[in-house]
Protein chains: 2
Amino acid sequence: MKTQQQAKAFADGLDGGVFWRYVEEQARIGALTPRGIRRLALDAHDNEARLWLAARGRELGCEVVYDDLANVFLRRVGSDPSLPPLLIGSHMDSQPCAGAYDGALGVMAGLAILQGLQAAGMEHRRTVEVVAWTNEEGARFAPGTSGSSWYAGERAYQDIVPARDDAGMSFGEALAQTLALLKQDGLAYRPAPVRPHAYLELHIEQGPILERQGVPVGIVDGIQGVYWYEVTVRGKANHAGTTPRSARADALDGAHALIGAMKELVYAHDEQVRFTIGKFSLTPGSVNTIPSEARFTIDLRHPDQAVLQAIDSGFEALAAEPWSNCRVELVRTSAVAPVRFTPELVDCLSRSARAYCEAAPVMVSGAFHDAIHLIRYCPTAMLFTTCRGGLSHHPDEAVDRADAEVALRAFAMAAYQLISE
Amino acid sequence: MKTQQQAKAFADGLDGGVFWRYVEEQARIGALTPRGIRRLALDAHDNEARLWLAARGRELGCEVVYDDLANVFLRRVGSDPSLPPLLIGSHMDSQPCAGAYDGALGVMAGLAILQGLQAAGMEHRRTVEVVAWTNEEGARFAPGTSGSSWYAGERAYQDIVPARDDAGMSFGEALAQTLALLKQDGLAYRPAPVRPHAYLELHIEQGPILERQGVPVGIVDGIQGVYWYEVTVRGKANHAGTTPRSARADALDGAHALIGAMKELVYAHDEQVRFTIGKFSLTPGSVNTIPSEARFTIDLRHPDQAVLQAIDSGFEALAAEPWSNCRVELVRTSAVAPVRFTPELVDCLSRSARAYCEAAPVMVSGAFHDAIHLIRYCPTAMLFTTCRGGLSHHPDEAVDRADAEVALRAFAMAAYQLISE
């Protein structure tokens with residue numbers, strides 16, 4: 001109980017102005033005109049953000065280390081260095097035309113906590129590390145969450161480095177340049193991951209639920225599962241003017257009918273299901289030729305694995321049928337099962353949030369985060385803060401400063417308890 | 001009646017072997033490996049085909065003339081040169097990867113008729129001209145039917161020559177090279193079009209109807225109208241994982257629903273309607289982003305203008321509604337009204353066809369042909385011959401030689417009557 005009061009006092013004492021200055025400063029790195037940012041993983045601006053973060057860490061008396069994936073850690077060592085550290089953080093890379101908060105806000109919250117500890121000259125038993133993970137977005141090198149998945153032992157180095165960007169440069173080549181830069185800047189190399197006591201991540205919600213409920217924060221107790229598919233519908237090209245409907249194998253027609261059946265199947269489940277067709281193309285793609293082939297992707301999400309499996313089986317059954325004389329090929333290109341975060345950490349964050357706001361709903365994250373890998377490595381939970389209109393991956397992404405400060409204090413209160421234990 | 005018997009005798013006497021040799025010879029110009037041809041309008045192979053045709057015309061004692069659009073005419077002058085000529089022909093340019101019959105078969109039929117007249121030393125009152133029109137396909141320079149539309153006064157020279165191919169060359173530049181070649185080859189220049197007595201065109205059907213009915217020829221009494229549209233469905237991009245269905249403005253969802261309503265509207269009309277969506281794209285086109293925009297084209301055809309108008313109004317009404325929270329913009333990019341060919345010529349072709357086969361259905365053409373312009377200039381009709389599987393614009397395009405000979409004789413019988421009048 002005493003710890004909780006101290007934790008609240010610590011969080012109350014954090015300097016909101018310093019926090020917001022950090023947020024605004026990092027937003028200038030890779031800034032776009034008239035607004036938005038672009039910091040593609042391992043590009044010049046993403047590297048500049050790493051060096052900026054390292055400089056802030058040194059100002060605050062932290063050890064600054066990096067690892068084989070160019071993840072950057074600011075370490076404030078506790079009074080009992082034998083204890084595994086509390087790890088907090090997020091990422092600083094962005095989508096090609098993004099806002100300044102997705103990822104970065106979580107790293108800035110960590111920085112503000114380090115600044116608060118430093119300013120107060122506060123001792124704490126457990127080491128705290130603030131991390132900026134490499135390539136969460138996967139926008140330049142797919143797939144994303146490279147740094148965190150490697151750190152948590154979920155993905156191997158040799159499976160990550162071959163990925164190439166659109167210009168043909170490999171992840172490994174870009175990584176080598178970044179690592180040289182970090183070494184040159186005086187960061188210390190840490191060869192192996194250190195298993196943390198716990199991992200906490202603050203992130204913008206990237207969805208509209210908190211704003212709709214009129215609350216500044218939510219506690220994340222899991223991340224929904226994501227299945228990706230590529231669907232090919234094969235018909236036969238023919239002249240648009242001469243071929244009667246009965247003689248057609250129109251791939252667009254087949255895709256249209258199949259998508260209709262898929263929507264019916266998907267939305268027969270509860271309203272938590274997310275079903276998105278984000279890519280769609282026709283071959284040969286001529287106004288007056290019946291398309292021979294339609295290809296589209298599906299992004300399917302749900303917090304419950306059983307629901308995902310049921311829909312998956314339904315998709316398989318639909319793909320086995322002919323649609324408008326066309327054959328269907330359905331390939332599941334990725335299947336990430338839902339994860340549940342650590343109940344004790346979810347409770348700890350919930351209690352802290354309630355110290356700063358009347359309600360803080362416990363919710364499932366619709367988006368991926370680095371935490372999806374950390375939960376397989378150590379106790380993990382997340383805190384969401386409201387973003388305007390739920391908009392993200394867009395230069396208009398916006399966060400209310402007052403909301404962000406509430407989120408920071410609730411988050412810091414939980415973090416303080418964990419490093420004081 | 002006497003003329004009809006003479007006409008039948010003339011057509012019976014045509015040398016099927018010579019006709020087929022012409023067909024095979026021209027198929028070697030621009031031949032692809034392993035099969036198919038490529039003769040893009042005004043390219044080297046298309047020019048070679050012109051010179052080959054001119055050489056065949058000279059062999060047969062014809063005057064060979066060209067005009068401002070590089071249309072090539074083989075003239076066999078009649079005993080009364082004051083009579084307007086019978087014009088027969090089609091085109092020799094092709095799609096990028098095409099068969100050897102689309103267009104060329106009609107020009108070869110004309111050549112076989114000239115050869116028959118020459119071989120029999122036959123006199124005829126009316127001049128007959130065989131034409132190869134420039135750029136029917138529109139594959140290199142859009143739109144197509146350049147030569148015939150200019151000849152019939154439907155399109156102006158200055159509206160045709162600015163079109164550019166993918167390499168940036170203008171129609172006018174390519175045309176100048178072709179004209180110089182024709183002049184150098186000794187062809188005579190004819191400045192102004194000569195209004196024909198009638199225009200007849202033999203063409204492969206490019207559809208499956210004749211083959212399904214098991215008949216070698218059909219008589220074409222019109223070309224259906226074609227309306228083209230570009231449809232844009234505008235929603236809002238957002239994260240595929242975090243945005244609940246109720247908060248989405250998913251452009252794919254909107255397009256799917258709109259297309260469903262359009263199909264219902266279109267197919268409520270008779271089965272002669274043709275509705276094709278040949279191009280479809282999503283923006284931004286990312287697996288895990290809700291699409292902000294869907295764009296697709298519509299190719300709508302029907303022989304009856306009233307039906308096209310009714311569907312057009314229906315489309316306008318649908319586009320005014322919201323679809324899955326998205327707005328719709330519908331632009332009609334082209335509207336070509338249906339045409340009806342000259343009943344007397346349709347009857348003449350029908351009678352001739354019945355001299356060679358039990359049934360020759362009277363039908364509407366689903367595809368465009370040069371005849372669509374000639375009908376606005378002079379009496380016009382067409383004869384179709386069966387092509388395998390209805391396939392065209394494809395290297396597997398195929399014609400049965402026996403069917404083609406039946407088509408040639410039926411066509412020649414009608415032509416003979418028109419030049420003997």
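Helix axes are lines fitted to C-alpha atoms over the stretch in contact, and angles run from 0 to 180 degrees between N-to-C directions. Helices (H or I, at least four residues) and strands (E, at least two) are DSSP runs, numbered from the N terminus. The model is predicted: local features need pLDDT of at least 70, side-chain atom pairs count only at pLDDT 80 or more, and totals for chains, interfaces and linings use all residues. Residues are numbered from 1 along each chain as its sequence is written, and chains are lettered from A and ligands numbered from 1 in the order in which they are written.

In chain B, the axes of α2(B) (residues 16-26) and α4(B) (residues 104-119) come within 9 Å and cross at roughly 140°. The pair is therefore oblique (angles under 35 degrees count as roughly parallel, over 145 as roughly antiparallel, 65 to 115 as roughly perpendicular and the rest as oblique). Contact means C-beta atoms, placed from the backbone, within 7 Å. Residues V18(B), F19(B), Y22(B), V23(B) and Q26(B) of α2(B) meet residues of α4(B), including L105(B), M108(B) and L111(B).

In chain A, helix α3(A) covers residues 44-59. The end C-alpha atoms are 23 Å apart, which agrees. Buried residues (20 or more other C-beta atoms within 10 Å of their own) of α3(A) include D46(A), L53(A) and G57(A). The buried residues of α3(A) pack against elements of chain A, among them α2, β1 and α7.

The contact between the chains takes 45 residues from chain B and 46 residues from chain A. On the chain B side, α9(B) gives the most, with four residues.

How values were computed
Expected span 1.5 Å × (residues − 1). Buried ≥ 20, exposed ≤ 12 C-beta atoms within 10 Å, placed from the backbone. Contact = placed C-beta atoms within 7 Å.
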